[in-house]
Amino acid sequence: MSVQQSSDALTQVVATRNQERHGLIVNIFRQPFTWLIAFAGVVFAVLPVWGDNVQLRESLLLAAVYVTLASNLNIILGYAGYVNFGNIVFFGLGGYVCIYLVSEWQWPLAAAALIAGVSVSLLALLFGLGILRLRGAFFALATIGVNEAIKAFVSNFEPWGGAAGIYLSLDVYEPLGGPGQALWIVYFLIVAAMTVSLFLSYAIKSSKFGLGLLAIGENEDAAAVLGINTPRYKALAYSISAFLPAIVGGLYFFKTGIIEPGGAFDLTRSIEAIVMVMLGGIGSVTGAAVGAFLYEELRGVLLTTEAFSHFQLVIAGLLLLGIVLFAPGGLMGFVYRRWPRTRRLLQ
Amino acid sequence: MTALLEVTNINKRFGGVHAVHNLSLTVADGEILGLIGPNGAGKSTVFNVINGVYPPDQGRVVFKGQDITGEAPYRIARRGVARAHQIVQPLASMTVLENCTVGACFGQANLPLGRARAVVHEAAEIVGLTDRLDHLAGQLTTAGKKRLELARALSARPELLLLDEVLAGLNPTEIERMIVVIRRIRDRGIAILMIEHVMHAIMSLSDRVVVLNLGSKLAEGTPQAVTRNPDVITAYLGEAEPTAASEAI
């Protein structure tokens, strides 16, 4: 696939050392899939602006949040094959760091969100080096443990408001031109984070790092014997997959104006993110995005339909069961098999 | 010839089982050393100790003059030891090309993605997989998977190749082809340590043979000398007429 394409192009060029090092990135920019990602981002950004549709904006905002969560989960789940059940901890912790910086230290939103991303990523690296020694079900349990432990810690951490959480005063929206305009700015930032997530997923998949992760996902012992530094690769993947969810968590809770432990570290959302990746197609960049979007839309319908509003999780569970049993490749798995050429275009 | 790999007095126990007992062996540059012995003699454990899957309880493993005892498998791979597994370990839902690219990018060659292709093609050419580069590894035949193991190991451009029963499960024609392939690899200056049960193959390929029995070295020498060794014959066949036994081996 991309490995082959990139090497194709490169062997044709009498590459200098410099070109070799950067050749892959340059190549990515030439791929249609990159433009498809950019196009999706632009569509998300433009659609609600057209006609000032606030309702559509809110719906797309949630979709963009989930696409970000699913895409980043896909890096560790889809590429490296590690089921991160506690993936929501990045989102929640990022939210807390960002909201705390904004409300207590009066930091500008962008800086606070960025620091949230960096700090949560570093923390994930630390945790990752520890819990990624575990495999399979043990790793999955440990990730739930991390989420619950941090939730319990935050619930008792007074500077962050303990169990009551942090409420933002309306003043924090003033630097962004008031609440109305702030919501638009937050929306665009989240769409940007989503677009970067997709691009990051794609860039990793087309890189040597990604090849290493995929090999680990296939057979970790064989990967180690082939020379892959598996502990480092896994920890890096885990850490990278924390960065954008943490940023989006910060932006999201800035938008809602309140953050409390129950909402920030909601395990249900973790499981939903896994359903999204499985639904769209595990390991596929397009799959994670499409799965997240479809699931989010489906959930919207279910929640607003009287008869189903309490069964949303039942549906999610049945969906997951159905995928695992009958279509382990998810939606994109089906598409790739039916139309093999799409493998190249839709990574 | 200088020693590429020196294994000195290694011991490995699993609970009460003394899998490898005070074993020493050396592999010289460009040499093919055969490692034979009855099932359960500890041959694969020796490989696992050499390439770092298990650290030895005692003893040292020295590769290119450097002590690599107990290092992680990925480090040892980087140093130039590649392995083809007895139980094939294909990265099943990746193509043959991608499998070999992993070897080229992470083994001793440590190439950037863009430069892996030429190396992979060369390796595929040697083992005869060129026409199947785009096939999924999981869909290859047994013989194909064995070749893939070899091609992937070769893609790393190793100095020492550990071959663990690459001929097992192949039919006579495939074995003949594989023997040619292994000779070709040696002609490129790569030293080979091979475990094999197919005796005519190991006898015709090896420069020297080490015989293991119950974790200890039973005999060492040229293939001809080893097959005439009465201890070896006893280990394989029990007490028997020496002439009849060497025929059977």
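## A tour of chains A and B

Begin by displaying both chains together, where 28 residues of chain B are in contact with 27 residues of chain A. Keep in mind throughout the tour that this is a predicted model.

Stay on the side of chain B that touches chain A, and select α2 (73-79), α3 (96-106) and α4 (113-127) of chain B, which are the elements giving two or more residues to that side. Among these, α3(B) supplies the largest share, seven residues. If you colour this side of chain B by residue class, you will find 15 nonpolar, seven polar and six charged residues.

Next, select the sheet of chain B, an open one in which four strands are arranged in the order β2-β1-β4-β5, with antiparallel pairing. At its edges lie β2 (17-28) and β5 (66-67) of chain B, each of which pairs on one side only. From there, select helix α1 (residues 43-50) of chain B, which packs on the sheet and touches β1 (3-14), β2 and β4 of chain B, while its direction makes about 65 degrees with that of β2(B).

Zoom in now on strand β4 (residues 58-63) of chain B, which runs antiparallel to β5(B) and is joined to β5(B) by two bridges. Which residue in β5(B) is the bridge partner of B:F63? Select B:Q66, and you have that partner in view.

Move to chain A and select helix α3 (residues 32-46) together with helix α8 (residues 178-205), whose axes are 9 Å apart and which pack at an angle of about 165 degrees. Angles over 145 degrees count as roughly antiparallel, and α3(A) and α8(A) are therefore roughly antiparallel to each other. The crossing of these two helices, α3(A) and α8(A), is right-handed.

To see where the two helices meet, show the side chains of A:F33, A:T34, A:I37, A:A38, A:G41, A:F44 and A:A45 in α3(A), and then those of A:F188, A:V191, A:M194, A:T195, A:L198, A:F199 and A:Y202 in α8(A), which they meet. The residues of this contact between α3(A) and α8(A) divide into eleven nonpolar, three polar and no charged.

Finish by colouring chain A by pLDDT, which averages 87 over the chain, with 92% of the residues scoring at least 70. Then select residues 1-26 of chain A, where pLDDT stays under 50 and for which the model has 38 contacts beyond four places in sequence. Where pLDDT is low, predicted coordinates should not be read in detail.

Conventions:
Residues are numbered from 1 along each chain as its sequence is written. Chains are lettered from A and ligands numbered from 1 in the order in which they are written. This is a predicted model: local features need pLDDT of at least 70, side-chain atom pairs count only at pLDDT 80 or more; totals for chains, interfaces and linings use all residues. Two strands pair if DSSP finds at least two bridges between them. Two residues are in contact if their C-beta atoms, placed from the backbone, lie within 7 Å. Axes are lines fitted to C-alpha atoms, for helices over the stretch in contact, and angles run from 0 to 180 degrees between N-to-C directions. Ala, Val, Leu, Ile, Met, Phe, Trp, Tyr, Cys and Pro count as nonpolar, Asp, Glu, Lys and Arg as charged, and the others, Gly among them, as polar. Angles under 35 degrees count as roughly parallel, over 145 as roughly antiparallel, 65 to 115 as roughly perpendicular and the rest as oblique. A crossing is left-handed if the near helix is turned anticlockwise from the far one by less than a right angle, and right-handed if clockwise. pLDDT is the predictor's confidence in each residue, from 0 to 100.
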